[in-house]
Structures are given as structure tokens and as C-alpha cells.
Amino acid sequence: MKINIACPSTGLQKVIEIDDEKRLQNLYERRMAQEIDGAVLGDEFAGYVMRITGGNDKQGFPMRQGILTNTRVRLLMHKGHKGYRQRRAGERKRKSIRGCIVGQDIAVLNLAVVKIGDEQIAGLTDDSVPRRLGPKRANKIRALFNLTKEDDVTKYVISRTFTSKKGKEVRRAPKIQRLVTPLVLQRKRQRKALKLASVLRNKEDAAAYKKVVAQRMAEQKEARRSLISKRRSTRRSQKLAAE
């Protein structure tokens, strides 16, 4: 079984291969997102704590969280499901997926280092690879540089400069997301004002409707009252004529 170990803090990853069945026994029946002791992989990983993030079986089917079995199952998938890409709008399809429990049929198991041990591991923790891309969201940029809300986030965007095919220096920076600007606040105030105006207009329309309904009801009562009085007067006149 191949073990793909990734270290998020350094940005490095290392692949090792374990053929000893006794050592692999410590990984069987473990589930995704469970943490394991690094010593089960070898003495060099003593003190390390790793988390199972996924894997593939020998036929290449990926493991999926939430499927509590160590075999493959066929699930009816639609847009948004992992391991499936829809070809047509609204399409659903039954696809094979591997359960989240580690078994003997797993060919590659992915691990992530949660806690680094005392000894450095070559190719995993002895070096670091800088992140090529920085955060885009305004609050994440503030958290990265420990900024306050008064600081200008646009001055701290991580950008990169490279030479284009035409030999020109080009600077690339991400567009900051969820950045509160005066224009955003103006649009927010406008939405709030429109909402309030709509509520007031609905109240006025409801009051006008109630007034019209009350007027129509009064007109109907008056018409009915006049009709009844006419009938009574007609009957009285007929009785006097008969006498």
C-alpha cells in the first residue's frame, strides 16, 4: 500500500510504500478523519499524529466520507456530489464509490500531518515551500497579517510578478472578496430603503383596500336595507288595498 503523507505547514508531501501486512493491520478498519499515531508507519514517524483524509482502491475508485463500509457501493448522484460531474442539467446517474473505512483493497491512502514530532523527516518537514497564492477574502487577509478594521486591506494583498511571452513585466493580484467599501454600504442602504418603502407601500395599499371593502360592504347593507323597506311598504300597501 502506498501512503501519501502531506504536511500543510510546510507545503511538502512524501510517498512511502509499505508491504508489511503486520504494520498495515494498524490502519485497517480506520475511518476517514480519524487520527492515527505516526509510529504505526515506522520508527521515523514516532511522535507524529496524522489524520486520514482519503484514498483510492486498486481500481481507482476514491473513498468518500459518510459511507460506512469498506467496500464499493453504487450511489445515485447528482450535481454537487463528490466523485461525479454532471454532463447535462438536472442529470442524475448511479456511480460506484468506495466507502470511508480502510481495508485491504486500498492502493493509496492519503494522510495529513496534524502534529509534528521531534525528529525532522527528509522531504516532509525539513524544508518549506512558500504558498504561490495568498488569501482573497478580506477577513482572511486581516487574520494573516493581524490587521484591524481600520487598516487598508488592499495594501496587503499578496501579488506575483512574472514576465509574459512578450517580455513584459506583469503583476497579478487577486480581487479582494467581501471588502466593505463606501459603494457597498451605499448599495446596502439603498436595499434597506427600498425594502422599507415596499413595506410602507404595502401597508398603505392594505389600508386602502380595507377602506374600499368597508365602503362596499356598507353600500351592500344600505342597498339590502332599502330593498327590505321597499318590500315592506309594498306589502303594507297591498293589505290596505285589499281591505
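User: Which residues have the most contacts inside the largest nonpolar core?

Analyst: In this predicted model, they are I3, I5, L27, L41, L109 and L111, in a core of 27 residues. Strands β1 (2-7), β4 (49-57) and β7 (106-115) each supply at least two of its residues, and the largest share, 4 residues, comes from β7.

User: What makes a set of residues a nonpolar core?

Analyst: They must be buried Ala, Val, Leu, Ile, Met, Phe, Trp, Tyr or Cys, joined through side-chain atoms within 4.5 Å. Buried means under 20% relative accessible area, exposed over 50%, and partly exposed in between, with a 1.4 Å probe and protein chains only.

User: Why is the pair F45 and Y48 called edge-to-face?

Analyst: Rings of Phe, Tyr and Trp (its six-membered ring) pair if their centres lie within 6.5 Å; planes under 30 degrees apart are stacked, over 60 edge-to-face, and the rest tilted. F45 and Y48 sit 6.3 Å centre to centre with 80° between the planes, so edge-to-face it is. Both residues are buried.

User: Why is the pair F145 and Y156 called tilted, then?

Analyst: Their centres are 5.5 Å apart and their planes 45° apart, so the pair falls under tilted.

User: How do you know whether F145 and Y156 are buried, exposed or partly exposed?

Analyst: F145 has a relative accessible area of 36%, so it counts as partly exposed. Y156, at 33%, is partly exposed too.

User: What do the numbers rest on?

Analyst: Residues are numbered from 1 along each chain as its sequence is written, and side-chain values use heavy atoms, leaving out hydrogens and water. Local features need pLDDT of at least 70, side-chain atom pairs count only at pLDDT 80 or more, and totals for chains, interfaces and linings use all residues.
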